[in-house]
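Subject: A structure for you to look at

Hello,

Here is the structure I promised to pass on. Please open it first, and then read my notes below alongside it.

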Amino acid sequence: MSDLSIELHWHRTTPALQPGKYSAEHTVRYNNSHEVQVDAAPDWGGQPENTNPEQALASALSSCHMMTFLALAAKANWPVASYHDYAVAHLGKNPKGQMSVTRIDLHPVVRFDTGFTVDDKQLEEMQDRAHRYCFIANTLADSVEINIL
């Protein structure tokens, strides 16, 4: 199996590392070429223009679900023309009382080529299959509620 990696770079921009007085802003580099500015969520003092880890987790799940859905749709000869999702990571306390991402809601919208249709039940079944085969969903399965709405 594969090992997939990123590079993370942070450096202190204040004279001392003191609680609440430093920036968590950092860079994550993918494939030694693409960089993303990451920070804490705005509620935790991060800059809103930066990605935060909770968004990145929702993005990973949404992307994995979509890629799995597309692979299954291709095998079923469904001519998917577009796929859009709006994913929301919800923060709360887990059963141990720790702050965590407790739920991620996906809102996929699938469009097909003109003239092709599937009924709601078929689409729901395909979304359910995509969820069951998605690597990220399987990774989170025991700790995060995932809803496909």
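Helices (H or I, at least four residues) and strands (E, at least two) are DSSP runs, numbered from the N terminus. The model is a predicted one, in which local features need pLDDT of at least 70 and side-chain atom pairs count only at pLDDT 80 or more, while totals for chains, interfaces and linings use all residues. Residues are numbered from 1 along each chain as its sequence is written, and side-chain values use heavy atoms, with hydrogens and water left out.

Let me start with the overall picture. The protein chain has 3 helices and 8 strands, and their order from the N terminus is β-β-β-α-β-β-β-β-α-α-β. With a radius of gyration of 19 Å, well over the 15 Å that the globule rule gives for 149 residues, the chain is more spread out than a compact globule. (That radius is taken over C-alpha atoms, and the rule is 2.2 Å times the number of residues to the power 0.38.) Along the principal axes, the C-alpha atoms fill a box of roughly 65 × 40 × 30 Å.

Of the 149 residues, 29% are buried; buried means under 20% relative accessible area, exposed over 50%, and partly exposed in between, with a 1.4 Å probe and protein chains only.

Now to the inside. A nonpolar core here is a set of buried Ala, Val, Leu, Ile, Met, Phe, Trp, Tyr and Cys residues joined through side-chain atoms within 4.5 Å. The largest one has 11 residues, including Ala-58, Leu-61, Val-101, Leu-106 and Leu-140. At least two residues of this core come from each of α1 (53–75), β6 (99–106) and α3 (135–140). A second, separate core has 10 residues, among them Leu-72, Trp-78, Val-110 and Met-126. As background, nonpolar side chains tend to be buried together in soluble globular proteins.

Val-101 sits in strand β6 and counts as buried because its relative accessibility is 12%. Leaving out residues up to four places away in sequence, the contacts of Val-101 (heavy atoms within 4.5 Å) include Glu-54, Leu-57, Ala-89 and Val-144. Leu-91, also touched by Val-101, is 10 residues from Val-101 along the chain, with 4.5 Å between their C-alpha atoms. For Leu-106, with the neighbours up to four places away again not counted, the residues touched include Leu-61, His-65, Tyr-86 and Leu-149.

The loops hold a few details too. Asn-31 is in the loop between β2 (26–30) and β3 (34–38), and its relative accessibility of 70% makes it exposed. Phi of Asn-31 is near 50°, a positive value in a residue other than glycine. Most residues other than glycine have a negative phi.

Asn-77 is exposed, with a relative accessible area of 65%.

Pro-79 is in the loop between α1 and β4 as well, but is partly exposed at 23%. Beyond four places in sequence, Pro-79 touches Arg-111, Phe-112, Asp-113 and Phe-116. Pro-79 and Phe-112 are 33 residues apart in sequence, with their C-alpha atoms 5.6 Å apart in space.

Enjoy exploring!

Best wishes
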